[in-house]
Amino acid sequence: MTEAEAPRHSPGISPGRARRLAFQRAQRRRSLSIGAISTIVVFGTVALVVVNSPGWEAVKESFFSWEDFKASFPEILSGFATNVRIFLIAEVLILFVALVLAVIRNSRSPLLTPLRLGATAYVDVIRGIPTIILLYLFGFGIPALRLQGVPNSQEFWAITTLVVSYSAYVTEVYRAGIESVHESQRAAARSLGLTSGQSMRFVVLPQAVRRVIPPLLNDFVALQKDSALVALLGVQEAFRKAQIYVAETFNFTAYLAAALLFLLLTIPLARFTDYLIRRQQQRTGGIRS
Amino acid sequence: MSAPLLEVRGIWKDFGDLTVLADISLELSTHEVMAVVGPSGSGKSTLLRCINLLEPVDDGEILLNGVDIADPDFDADSVRRQIGIVFQSFNLFPHLSVLDNITLAPSRVLKMSVEEAQITAQKLLVRFDLADKRDEYPDRLSGGQQQRVAIIRALAMSPSLMLFDEPTSALDPELVGEVLDVIRTLAGEGMTMIVVSHELAFARDVAHRVLFMDEGRVVEQGPPDQVLVSPVTERAQRFLSLMTEAR
């Protein structure tokens, strides 16, 4: 092995290397300028066509009115606080309920058979029903029974609906994570004398949860949007406030104001999810046992 | 000679239509090292997994200190903590640091205090030259280091028997030595062990007895100089000449 003495780089910049570097630089410049020009041309044309189209003034007036935006925004923002409260509470409950359901679905204990069947049926049934129907069933149906001790609060039933609906999806996300942990991890844990419950808790679940964080966040982007559905129960949240403003003024800018608030939350969360997925791919692409 | 620590009597194991272990019997005394050799698919790994009760046997007895642990009514968890196993693919817990990999079972199964478990772990890490890796995560270690941590993890439970399932097969050639050295050290200290390995020179050097398996059966059994140098059966002779040719 005498090659160890061979130089790792050309001494200085050789003519061959310099020519290649110059070529790469020229290529980068070219693709950058082509990209910039084509973007300007395309978006410029679209903007020109839209602004010069016959209905533009009317569209601008009823969707992009700055006055209406300013007038409606404070109310909508205060309503949005309700959305945030609803989905934060719902998220925490969903994470917990779904984890319990996923562990039950993955358990092998015969004692848990009825629970396992129940959890499977729950996931199958709930995933197949549109959230909006659940919302009407819980939000209008149950309070209409006038049962003793059952809360009447619309917000309570709104949160319940979201938890019931989303837990079914999130259970499956967790379950996929649990099943993705290789059997050899369980074998290693059992071989050390850990019980099957301990193996699940200390070895399988921590790995499973880490792996499903990106898809979980994805579901929470959807949950944040669906918190607007509860307006149908009359909960005074952002969308409901916007509806009220639109009904009074016949100007639709208020809906855009509400949409903007949702975007301010969901876009960063979606970007963060992408970042986590990328990081995970890099990790698993690296050295693994 | 005292009663054997481990006595396997006529165990059978099927996977579907395939019989993986057919009437296997063996005896192992305390401080004894047994090497199990044979072509791949001969049931060597399954034998270890059965002894550790990771796989239930279909028939036969496995006596540990005279108690039949293969009895379906027996508490498997209590046996597994007495028998350590080291896997071909290490199977360290990737979400835990080296130290936490080692202390998990002592603290959760043996109910050691955290400090006590950490002291035990630290001693083992120092002894096997891995003290500087205690806070690393497994994927930052070389294969050889990972396998040594896996051995320490099993040793931390103070097992009365250690099983090694092809501990060096997944390693780059230059890393094999450091793992074999650890096993050799343990043998020197009188640890009772069963080692499944393709490292025949190592087996000859360390083992007191060698078991040659083929197609789920024990083909030949005896001292290393007999089984690994001048085997009686034609099957063992053929395997041996293939293995030496490959060198």
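## Helices H3 and H4 of chain B

In H3(B), the residues B:Leu99, B:Ile102, B:Thr103, B:Pro106 and B:Ser107 meet B:Val114, B:Ala117, B:Gln118, B:Thr120, B:Ala121 and B:Leu124 of H4(B). By class, this contact of H3(B) with H4(B) divides into seven nonpolar, four polar and no charged residues. The model is predicted.

H3(B) covers residues 98-108 and H4(B) covers residues 114-127. Angles over 145 degrees would count as roughly antiparallel, and 65 to 115 as roughly perpendicular. H3(B) and H4(B) are therefore oblique to each other. Their crossing is right-handed.

## Overall form of chain B

Chain B contains nine helices and ten strands. Its radius of gyration is 18 Å, close to the 18 Å that the globule rule gives for 247 residues, so chain B is as compact as a globular protein of that length. The C-alpha trace of chain B spans about 55 × 45 × 40 Å along its principal axes.

## The six-stranded sheet of chain B

Six strands of chain B form an open sheet. What is their order? The strands run S6-S7-S8-S3-S9-S10, with mixed pairing. Strand S6 (83-86) and strand S10 (217-222) of chain B are the edge strands, and each pairs on one side only. From one strand to the next, the twist averages 15 degrees.

Helix H5 (residues 143-155) of chain B packs on this sheet. It touches S6 and strand S7 (161-165) of chain B. The direction of this helix makes about 170 degrees with that of S6(B).

Within the sheet, strand S3 (residues 33-37) of chain B runs parallel to strand S9 (residues 209-214) of chain B. Four bridges join the two strands. B:Val37 stands opposite B:Phe212 in S9(B).

## Antiparallel pairs and hairpins of chain B

Strand S1 (residues 6-15) of chain B has antiparallel partners. With strand S2 (residues 18-28) of chain B, S1(B) pairs in the antiparallel sense over seven bridges. B:Val8 stands opposite B:Leu26 in S2(B). S1(B) and S2(B) form a hairpin with two residues between the strands. B:Gly16 in this hairpin takes a positive phi near 60 degrees.

S1(B) also pairs with strand S4 (residues 59-64) of chain B, in the antiparallel sense over five bridges. B:Asp59 is the partner of B:Trp12.

S4(B) pairs in turn with strand S5 (residues 67-68) of chain B, again in the antiparallel sense, over two bridges. B:Leu64 stands opposite B:Val67 in S5(B). S4(B) and S5(B) form a hairpin with two residues between them. In its turn, B:Asn65 has a positive phi of about 50 degrees.

## Helices H5 and H6 of chain A

Helix H5 (residues 131-144) of chain A packs against helix H6 (residues 154-180) of chain A at an angle of about 140 degrees. The axes are 9 Å apart. H5(A) and H6(A) are therefore oblique to each other. H5(A) passes H6(A) in a right-handed crossing.

Which residues make the contact? From H5(A) come A:Thr131, A:Leu134, A:Leu135, A:Phe138, A:Gly139, A:Ile142 and A:Pro143. From H6(A) come A:Gln154, A:Trp157, A:Ala158, A:Thr160, A:Thr161, A:Val164 and A:Ser165. By class, the contact has eight nonpolar, six polar and no charged residues.

## The contact between chains A and B

Chain A gives 19 residues to the contact between the chains, and chain B gives 22 residues. On the side of chain A that touches chain B, the elements that give two or more residues are helix H7 (183-191) and helix H8 (196-226) of chain A. By class, that side of chain A has eight nonpolar, eight polar and three charged residues.

Methods
Residues numbered from 1 in each chain as written. Chains lettered and ligands numbered in written order. Predicted model: local features only at pLDDT ≥ 70, side-chain atom pairs only at ≥ 80, totals over all residues. Axes fitted to C-alpha atoms, helices over the stretch in contact; angles between N-to-C directions. Parallel < 35°, antiparallel > 145°, perpendicular 65-115°, else oblique. Left-handed = near helix turned anticlockwise from the far one by under 90°. Contact = placed C-beta atoms within 7 Å. Nonpolar A, V, L, I, M, F, W, Y, C, P; charged D, E, K, R; others polar. Pairing = 2+ DSSP bridges. Rg over C-alpha atoms; globule rule 2.2 N^0.38 Å.
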